[in-house]
Amino acid sequence: MAWTNFPSGITSFGMPVFGGLPPTFGNVWFVDYSKGSDNFSGKSPKRPFKTLSTAHDACTTNNNDFILINGYAEVVETAMIDFTKSRVHVFGCNGFPPGLGYGAGARVTLGVTTAAADIATLKNTGVRNTFTGIKFSNSNTLATNLFTVAEAGEYTRYNNCEFYKGALLTTDLSAEVLLNGDSSQFYGCTFGDLVNEKGAAGIELPNVLLTREIVSGKVARDCSFVDCTFLRKAAHVDVCFVYGPNATDVERRLLFIRPVFWNCVLATADPADAVNFGAAQTAGDVLIIDHASINVTAVGGASLNIYVQGAVPTAGTTGKAVEVAA
């Protein structure tokens, strides 16, 4: 059966429909920061909500509701989005398919906040939520606002999303993503940027931080990254892309399939390791399959329970990109 149009105009917003119906059993909510109002119904493109947080609050948990974000104006939240509901699917309307996780017009950021509890733009603790084609950003200078996304849900899927952090560039253990999720999965996502130089001596400042239980009771368990790109402009060799300071930050497994670790050619330093820990992992293993890296000394720190699959499976040589000589 072919994709067909839907009377509400969903297809014009970039969301495919099947057999005349949206691909969900639940409700469909619309978010448009420029034209919307949180006093509107949010039930049509003509009466959209203004913010993602209001759309989340309107959803029914475990109902497979859809939230559609119009992809031309950044949604500015006034407080952290505390995404507690389950089986909610957030879709950035940037055209279809949703792209390679870079430069999405559907953007969500956190404005000025003074609340210490606002640790990120979005904190997810729901079950089986999905986020597709969205750029999450955070340029907040509040000292406790360390992350762009704090992922602490179960079986969450991020598809073709981008995670950007433009502040706290020398704050230790600040990151685009805090990963405390159970079976969280990232597909075709981009983390970080090549513009802002970050870090200093003794400052890890990774794209993905694995410190367990920053979200109470939550830990990175059975998580996966597939076809993801990790970007940094490192100010010091201590900067890395993925980091956990403790011996039990990974439970059971952490899997990377075809990751790209890219440090900008204009960076002051080359990171010593793409994936690193403060101690050998004792509760889980890390496996990196078919990776590539640029301007990075080694893919993983030695003797930390990091395994690399490749022609020469050693931390210092496998998958390192080499410039072609004339």
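At 17% relative accessibility, Asn-159 counts as buried (buried means under 20% relative accessible area, exposed over 50% and partly exposed in between, with a 1.4 Å probe and protein chains only). This is a predicted model, where local features need pLDDT of at least 70, side-chain atom pairs count only at pLDDT 80 or more, and totals for chains, interfaces and linings use all residues. Residues are numbered from 1 along each chain as its sequence is written, and side-chain values use heavy atoms, with hydrogens and water left out.

Asn-159 lies in strand E11, residues 157–159. Strands (E, at least two residues) and helices (H or I, at least four) are DSSP runs numbered from the N terminus. Which side chain does the side chain of Asn-159 meet in a polar contact? The partner is the side chain of Thr-132, at 3.1 Å. A polar contact is a pair of N or O atoms within 3.5 Å; within protein, one must be able to donate a hydrogen and the other to accept it, and residues adjacent in sequence count only if both atoms are side-chain atoms. Beyond its neighbours within four places in sequence, Asn-159 has contacts (heavy atoms within 4.5 Å) that include Phe-131, Tyr-187 and Cys-189.

Now to the aromatic rings. Rings of Phe, Tyr and Trp (its six-membered ring) pair if their centres lie within 6.5 Å; planes under 30 degrees apart count as stacked, over 60 as edge-to-face and the rest as tilted. By this rule the count comes to 20 aromatic pairs. Here are two of them:

| Pair | Centre to centre | Angle between planes | Type |
|---|---|---|---|
| Phe-83 and Phe-131 | 5.2 Å | 65° | edge-to-face |
| Tyr-158 and Phe-163 | 5.6 Å | 70° | edge-to-face |

Phe-83 lies in strand E4 (residues 81–83) and Phe-131 in strand E8 (residues 130–132), so their pair ties together parts that are 48 residues apart in sequence. Both Phe-83 and Phe-131 are buried. Tyr-158 is buried too, with a relative accessible area of 0%, and Phe-163 is buried at 0%. Ring pairs link these residues into a cluster whose members include Phe-83, Phe-131, Tyr-158 and Phe-163.

Stepping back, the protein chain has one helix and 26 strands. Eight strands form an open sheet with parallel pairing, in the order E3-E6-E9-E12-E15-E18-E21-E24 (two strands pair if DSSP finds at least two bridges between them). Strands E3 (75–77) and E24 (292–294) stand at the edges, each with a single partner strand, so one side of each is left without a neighbour in the sheet. Buried residues make up 55% of the 326 residues in the protein chain.
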